[in-house]
Amino acid sequence: MIDIHHHLIYGVDDGAPNLETSLAMAQEAIHEGVTHIVCTPHANDVHPYRLERNRERLDEIQAALGDSVQLLLACDFHLNADNICDALEYPLRYSIDGKGYLLVEFSELAIPPQLDDALNRLRGVGYTCILTHPERNPIIVRKPERMVQWMRSGALVQVTASSLYGRFGRIAESFSNQLLDLNWIHFLATDAHNLTSRPPHLRKAYDYVANRCGVETAERLCQLNPLAAISGHKLPRQPEPIGLYEDEPVKFSQNFKSSGVGHRPAGKPPGILSRLFRRAK
Ligand SMILES: [Fe+2]
């Protein structure tokens, strides 16, 4: 498996506080079956992004780990004005291994309509934007139709692995499972910050998706699509995202029930689906 969102680099944000923790997090990921970790320090008002420092520390961690896992550099890119201007001025600076895929996080306080244009401009200079954990953003959860235009314009979606089985609460669990059942997710990633409250666990989500949707989907979200992203290639053929291109807006359930971890047999359509996408009359 390949984890494309991981705060592994120590001392640069609210992720690993020291080298020992970085190494322990990497070992935990390796134990899970992860072969590549994309290290994604924050770039926001609290944690400015310093490319050279991040690169130096990544190299230090990589040297200590040897070839047991491959580390790549990227950024947890907060979509604010300063970041957008810098990313436009230095194309591909913030993307995964400089190859074009950009992890984009929206504010939880406001998502002004102008950000639609910002996404288009970022695309215009070569980035492929990956929307990170929309299931944890209260604005998007309340108005999931905001995702429609972004995705129609080419944005991809990354969900936090443990959201699927309730680690971020019932709302994130319900919303992420709806996205999963609609084929609106392209990547699962840990967004690991430490070994305890935000651990680098991807295997449980892989198994959960394999049980719910089939092993092909688990492979696509945890291996094949991430491999394309770290390689800078186009994603392989994806299943049709249900409801994304309908004339009428899709209807997400706002009845946030727990999905029941992995109880639904693989291959069967979710019982909730028929209620999700009744077209507006
Ligand atoms: Fe993150």
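Aspartate 97 counts as partly exposed, because 17 C-beta neighbours lie inside 10 Å. The model is predicted, and in it aspartate 97 sits in the loop between α3 (81–89) and β6 (101–105). The phi angle of aspartate 97 is near 55°, a positive value in a residue other than glycine.

Histidine 133 also has a positive phi, near 30°, and is likewise a residue other than glycine. The loop that holds histidine 133 runs between β7 (128–132) and α5. Histidine 133 counts as buried, because it has 22 C-beta neighbours inside 10 Å, where the cut-off for burial is 20 or more.

Two further residues were examined for their surroundings. Glutamate 145 is placed in the loop between α5 (138–142) and α6 (146–152). Glutamate 145 has 12 C-beta neighbours inside 10 Å and therefore counts as exposed; the limit for that class is 12 or fewer. From glutamate 145 to arginine 50 the separation is 95 residues in sequence and 34 Å in space, C-alpha to C-alpha. Lysine 204 belongs to helix α8 (residues 203–213). With 16 C-beta neighbours inside 10 Å, lysine 204 counts as partly exposed. Lysine 204 lies 197 residues from histidine 7 in sequence, and the two are 19 Å apart in space, C-alpha to C-alpha.

The table collects the neighbour counts.

| Residue | C-beta neighbours inside 10 Å | Class |
|---|---|---|
| Aspartate 97 | 17 neighbours | partly exposed |
| Histidine 133 | 22 neighbours | buried |
| Glutamate 145 | 12 neighbours | exposed |
| Lysine 204 | 16 neighbours | partly exposed |

The sheets come next. Three strands make up an open sheet with parallel pairing, in the order β1-β2-β4. Strands β1 (2–6) and β4 (70–73) are at the edges; each has a single partner strand, so one side of each is left without a neighbour in the sheet. From one strand to the next the twist averages 20°. Strand β2 (residues 36–39) runs parallel to β4 and is joined to it by four bridges. In this pairing, valine 38 stands opposite leucine 72 of β4. Helix α2 (residues 51–65) packs on the sheet and touches β2 and β4, and the direction of α2 makes about 175° with that of β4.

Helix α2 also packs with helix α1 (residues 19–32), at an angle of about 55° and with the axes 10 Å apart. At that angle α1 is oblique to α2. The crossing of these two helices, α1 and α2, is right-handed. On the α1 side the contact is made by Ser22, Leu23 and Ala26, and on the α2 side by Ile61, Ala64 and Leu65. By residue type, the contact of α1 with α2 has five nonpolar residues, one polar and no charged.

Another open sheet contains six strands, again with parallel pairing, in the order β3-β5-β6-β7-β8-β9. Its edge strands are β3 (42–43) and β9 (187–189), each of which pairs on one side only. Strand β8 (residues 156–160) runs parallel to β9, and three bridges join the two. Opposite glutamine 158 stands phenylalanine 187 in β9.

Definitions and conventions. Residues numbered from 1 in each chain as written. Predicted model: local features only at pLDDT ≥ 70, side-chain atom pairs only at ≥ 80, totals over all residues. Pairing = 2+ DSSP bridges. Axes fitted to C-alpha atoms, helices over the stretch in contact; angles between N-to-C directions. Contact = placed C-beta atoms within 7 Å. Parallel < 35°, antiparallel > 145°, perpendicular 65-115°, else oblique. Left-handed = near helix turned anticlockwise from the far one by under 90°. Nonpolar A, V, L, I, M, F, W, Y, C, P; charged D, E, K, R; others polar.
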